[in-house]
Amino acid sequence: MLGHPVFKLVTGNRLRDGKVVYFAGGSTWTPTIAEARLVEDGDGAALLAEAQAGPPPHPAIAPTLIEATRDGNRVVPMTLRERIRACGPTISHYGG
Amino acid sequence: MLALYRYDEFDRKFLEGRVAQYRDQVRRRLAGQLSEDEFRSLRLMNGLYLQLHAYMLRISIPYGTLSSAKLRGLAEVARRWDQGYGHFTTRQNIQFNWIRLEDTPDILAHLATVELHGIQTSGNSFRNITTDPFAGVASDEIEDPRPYCEIVRQWAALHPEFSFLPRKFKIAISAAGEDRAAVMIHDLGLYLRRNDQGEIGFTVAVGGGLGRTPILAQTVRDFVPRRDVLAYITACLRVYNQYGRRDNLFKSRIKILVQSLGIEKYRQEVETEFAAMGDEREALALPDEAVAAMQAQFAPPAYADAAGDKAALLAAIAAEPEFARWVERNIRPHKQPGYSIVVISLKPPGRPTGDCSATQMNAIADLADAVSAGEIRVTHDQNLVLPYVRQGALYDLWLRLGAAGLATPNIGLASDIICCPGLDYCSLAAARSIPIAQALAMHLAKREAEIGPLQIKISGCINACGHHHVGHIGILGLEKNGAESYQITVGGSDNAQAALGGIVGPAVAAHEVTATVDRLIDAYLRLRHEGEQFPDTYRRVGLAPFKEAHFVAR
């Protein structure tokens, strides 16, 4: 990812089931990171404010700005924690 | 008749009321009438956390004792509301990792029908009272500690004076010669003792804990008569509640208070408080008849005359080497002749440690009904126990466990690793722990006969849920500049000779962990004398040879 431009996006956990979701603009939250709205670094605060807006109950808990890069069509978070949030546990379990 | 505490009408009504209260709280949260800030503490009071991928529900299993009905109740949660499995924890509890908020009132209502809940599995309150998983059946036991666990649990449950302690508070009780409850790493530990007059009482130890400041508990008083034990621990808690720090989360546990005051000063404060309790001390006294009534709830099942079982067992051992290996590793001596304690490994190499599928839970519940008086225990090592198995039933049990993928013969060996969920699930974790455990278990399983008993414990962050400080080999996951690394310690122990491990050198990358541990084990095998286990060798040779092995490894 070295040399790829770094973008900001907003993520949170969906209120009703806790699933990882990403802010796609407007009032839309999506479980697919590729559908997240990406902005330049300087526009992050405005994106976060937009994601936090709206009447209660807010659909996502703890909207948070994170960093990601683009790798072709993929959006790849900068940190391992966020990559695990985006893709799920790195191990198989009895349910999957 | 099951040998465990049964809810009375008060317990049932209370739990029904609590579920109804919580159902309304969830309704208001989903309707937008409660913000997350307002709701967080309410859900946590019922065991509901928010982790990386979903809500996580932690269910308390008092002193690690389950009936088959309770285990089936947990299996139903896994099957119906989760992804088909649960994770047994190092505090003898269970966690479900894929819970939906909107399902939680129904889940808690379901759990209430089998006398389970998530109350006090979070927050600055008393957590699950833990004990020896072999309680009531261990051959080295003075008395079954579980009646005392239940008495302390009832005293601690929603205790009005101690509902807002400076920090969470963990109590463990042991009543055997060997400490199988890791008492020395608890905020408060009770060792049941019999004094020279034959009276039962407790050695009270305080200030143990792991996390970022690992400290072993220290004795406050050598012998507190059982009549006074609730009053005495009330005094211990009262001193902590008064002087414990609330201004700094990292200094808020009782271990920091005891360390800063010194054990002498802390003891003096406790004794002063205890002496001043007056009538209150009498009100908290445990009369013999109250203890006897509680002990009756934990009366053992009617044992059969199983003296003749031994011959059949020996014949099966002689005929079937794989069965013999399982008996050698997974069976522990029972106080009743002709009976055995069976430890079911939840650590098949390559699988996440402590995970158990709904199908397996139901299979174990059926087996418990068939051969173990309907009772199951959870160990802090993240395995399960059938406590009342006739030796004549062991071979058939082994076959049936094998059919359910539950006959791994590795209890106490290198692949029987304690491991927290780590960064694959936990929002506090700095690094992954499960993949490290899986790689180690797969590799070391091939060397277990050579290595012998060995405890490896892995935590994905400094909070130390995987008890890494007290592993013979401990592994702590760290994060630096976006990369995972692992700090390795050796020489820890969580038994009666509890010790904190020493750091062998700089942290290593994830791909270096298995090779590094391999070299540390090689060093141990070179150094150990006949009959020694890892802690014995470490005490004799010290840290230096292991530092050298770690250095060579790099």
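The model is predicted, so local features are taken only at pLDDT of at least 70 and side-chain atom pairs only at pLDDT 80 or more, while totals for chains, interfaces and linings use all residues. Residues are numbered from 1 along each chain as its sequence is written, and chains are lettered from A, with ligands numbered from 1, in the order in which they are written.

Chain A comes first. Helix α2 of chain A covers residues 80-87; helices here are DSSP runs of H or I with at least four residues, strands are runs of E with at least two, and both are numbered from the N terminus. Its buried residues are A:Glu82, A:Ile84, A:Arg85 and A:Ala86, where buried stands for 20 or more other C-beta atoms within 10 Å of the residue's own, exposed for 12 or fewer and partly exposed for anything in between, with C-beta atoms placed from the backbone. These buried residues of α2(A) pack against β2 (20-25), β4 (60-71) and β5 (74-77) of chain A. After α2(A) comes A:Gly88, with a positive phi near 95°.

Between the chains, 24 residues of chain A are in contact with 29 residues of chain B, contact being C-beta atoms, placed from the backbone, within 7 Å. On the chain A side, α2(A) gives the most, with 4 residues.

Back in chain A, the peptide bond joining A:Pro56 and A:Pro57 is cis, with omega about 0°. A:Pro57 sits in the loop between α1 (44-52) and β4 of chain A. For context, most peptide bonds are trans, and most residues other than glycine have a negative phi.

Chain B has two alanines with positive phi. B:Ala373, in the loop between α13 (358-371) and β14 (375-378) of chain B, has phi near 55° and is buried, with 20 other C-beta atoms within 10 Å. B:Ala464 has phi of about 65° and lies in the loop between β17 (456-459) and β18 (473-480) of chain B; with 22 C-beta neighbours inside 10 Å, B:Ala464 is buried too.

Chain B also has a helix pair: the axes of α3 (residues 68-81) and α4 (residues 104-113) come within 9 Å and cross at roughly 160°. Axes are lines fitted to C-alpha atoms, for helices over the stretch in contact, and angles run from 0 to 180 degrees between N-to-C directions. The contact is made by B:Gly73, B:Glu76, B:Val77 and B:Trp81 of α3(B) and B:Ile107, B:His110, B:Leu111 and B:Thr113 of α4(B).

Terms used
Two residues are in contact if their C-beta atoms, placed from the backbone, lie within 7 Å.
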